[in-house]
Amino acid sequence: MEREQLMTDTSRTRIVPHAFDSGEALAAALASDVAARLAQAIEARGHALLAVSGGNTPVRFFEALSSADIAWDKVTVTLVDDRFVLPGSPRSNEGLAYRHLLRDKAAKARFIGLYSPADSIEQAAQIAGERIASLPLPFDVLVLGMGPDGHTASFFPGGNKLAEATRSDATALISTMKAEGAGEDRLTLTLPPIIQARTLILHIEGAAKKDVFAQALQDGPAEQLPIRFVLQSALSPVQLFWAP
Ligand code: 6PG
């Protein structure tokens with residue numbers, strides 16, 4: 001089947017398209033790509049840092065990656081963002097990672113969550129920020145998703161801290177976020193640790209998201225389609241993984 005052509009021209013960050021005929025084929029290829037990059041990082045620096053997004057799209061990718069034969073005991077996994085809910089909640093990205101990624105061979109990885117049972121989300125953000133700051137940044141691999149509203153991480157249109165969290169000179173590593181489209185209050189990496197990743201991957205599936213991505217590549221306010229904050233300032237090419 002003729003692979004869909006993906007729009008990849010943007011005046012700023014280079015987009016490297018990887019298009020697949022199915023979500024299954026994408027998951028296998030993305031898992032193999034990420035595993036190879038983690039192994040290279042371990043080879044080069046003795047450890048590897050991986051940050052992943054939650055939601056529904058990554059499940060097949062997580063399960064394929066969990067069986068990769070790499071030195072998982074030298075890998076630290078964290079989250080790009082999470083909902084401010086207990087890890088046992090079905091809405092928790094930490095719970096999603098434990099169910100689908102931190103199993104099989106990948107069970108040996110160290111996991112650093114963003115959630116903590118603090119008295120407030122601000123206090124949890126402080127704790128999460130200290131945890132991320134203790135890691136040997138930059139991330140070796142960071143995998144973003146994108147919502148149909150063009151959000152990525154927890155950079156939602158109308159988010160109460162969208163401007164602050166997406167400053168390219170933000171000093172905080174973690175921000176809280178409240179937004180109508182977000183459901184629960186969120187904890188999210190800010191823009192700098194995302195765009196500084198050695199390998200930045202955007203994993204989206206479905207025609208609707210392809211159209212939103214194409215729109216995001218056009219000039220326009222990043223606040224309207226917050227994936228634009230990444231597309232306009234990523235320091236490395238964005239590896240776009242897409243399937244119908
Ligand atoms: C989250 C994610 C978020 C996700 C998009 C896409 O917590 O929801 O981190 O940024 O990548 O919402 O989610 P779907 O894959 O479910 O469409």
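Tutor: Since the model is predicted, local features need pLDDT of at least 70 and side-chain atom pairs count only at pLDDT 80 or more, while totals for chains, interfaces and linings use all residues. Residues are numbered from 1 along each chain as its sequence is written, and side-chain values use heavy atoms, with hydrogens and water left out.

Student: Which residues of α2 and α3 meet?

Tutor: On the α2 side they are V59, F62, E63 and S66, which meet L96, A97 and H100 in α3, contact being heavy atoms within 4.5 Å.

Student: What makes the buried residues of α2 line one face of the helix?

Tutor: Buried means under 20% relative accessible area, exposed over 50%, and partly exposed in between, with a 1.4 Å probe and protein chains only. In α2 the buried residues are F61, F62, L65 and S66. Seen down the axis of α2, they fall within an arc of 135 degrees, so they line one face; the arc is that of the directions from the helix axis to the C-beta atoms. Among the elements that cover them are α1 (23–45), α3 and β2 (48–52).

Student: What makes β1 and β5 the edge strands of the open sheet?

Tutor: The order of this open sheet of seven strands is β1-β10-β9-β6-β2-β3-β5, with parallel pairing, and two strands pair if DSSP finds at least two bridges between them. Strands β1 (15–19) and β5 (110–112) each pair on one side only, and these are the edge strands. Five bridges join β1 to β10 (residues 238–243), and V16 has Q239 as its bridge partner in β10.

Student: How do you know that β7 and β8 pair?

Tutor: Four bridges join β7 (residues 174–177) to β8, and the two run antiparallel; at least two bridges are needed, so β7 and β8 count as paired. Within β8 (residues 186–189), R186 and T188 point one way and L187 and L189 the other, and all are buried.
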